[in-house]
Amino acid sequence: MQNGLGSQKQARRNRLKSEILDYVSSNPNCTASEIVAALANDRRMKNHGLTPRKVGFFIPRYCKEILWNQDTSTGKRVYVLS
């Protein structure tokens, strides 16, 4: 039975959202794997269990400001801030 309001979960989501938005705004045309590498190594988010797949699902759901296009040469999604 869950009694809390999920404030820690919401705080983690908000931090991840702000970190992704900061990274994409400073590095346009980046892939999900580049975002994961930067967050895990540079911004010390190793304990969040980030994978490119998780970030790829997170961005369309929670980061509506970020648009993506398909890179024709690699077939990967490339993210830019709208």
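This is a predicted model: local features need pLDDT of at least 70, side-chain atom pairs count only at pLDDT 80 or more; totals for chains, interfaces and linings use all residues.
1. Helix 1, which covers residues 7-26, is a run of 20 residues, and the span from its first C-alpha to its last is 28 Å, close to the 28 Å expected at 1.5 Å a residue. Its buried residues are L16, E19, I20, L21, Y23 and V24, and these buried residues pack against helix 2, helix 3, strand 1 (66-70) and strand 2 (77-81).

2. E19 deserves a separate look, since it is a residue of helix 1 and counts as buried because its relative accessibility is 13%, where the cut-off for burial is under 20%. Its side chain makes a polar contact with the side chain of R43, at 2.8 Å. If residues up to four places away in sequence are not counted, E19 touches L39, R43 and M45.

3. L39, one of the residues that E19 touches, belongs to helix 2, and with a relative accessible area of 0% it is therefore buried. Not counting residues up to four places away in sequence, L39 touches L16, E19, I20, R44, M45 and L50; among these, L16, E19 and I20 are also listed as buried residues of helix 1. L5, by contrast, lies 27 Å from L39, C-alpha to C-alpha, and the two are 34 residues apart in sequence.

4. Two packed helices are described by the angle between their axes and the distance between the axes. For helix 2 (residues 32-42) and helix 3 (residues 52-62), the angle is about 105 degrees and the axes are 8 Å apart, and since angles of 65 to 115 degrees count as roughly perpendicular, these two helices are therefore roughly perpendicular to each other. On the side of helix 2 the residues that meet helix 3 are A32, S33, I35 and V36, while helix 3 contributes P52, V55 and I59. Sorted by class, this contact has six nonpolar residues, one polar residue and no charged residues.

5. T31 sits in the loop between helix 1 and helix 2, and it counts as buried because its relative accessibility is 12%. Leaving aside neighbours within four places in sequence, T31 is in contact with K76, R77 and Y79.

Key. Residues are numbered from 1 along each chain as its sequence is written. Side-chain values use heavy atoms; hydrogens and water are left out. Axes are lines fitted to C-alpha atoms, for helices over the stretch in contact, and angles run from 0 to 180 degrees between N-to-C directions. Helices (H or I, at least four residues) and strands (E, at least two) are DSSP runs, numbered from the N terminus. Angles under 35 degrees count as roughly parallel, over 145 as roughly antiparallel, 65 to 115 as roughly perpendicular and the rest as oblique. Contact means heavy atoms within 4.5 Å. Ala, Val, Leu, Ile, Met, Phe, Trp, Tyr, Cys and Pro count as nonpolar, Asp, Glu, Lys and Arg as charged, and the others, Gly among them, as polar. The expected span of a helix is 1.5 Å times one less than its number of residues. Buried means under 20% relative accessible area, exposed over 50%, partly exposed in between (1.4 Å probe, protein chains only). A polar contact is a pair of N or O atoms within 3.5 Å; within protein, one must be able to donate a hydrogen and the other to accept it, and residues adjacent in sequence count only if both atoms are side-chain atoms.
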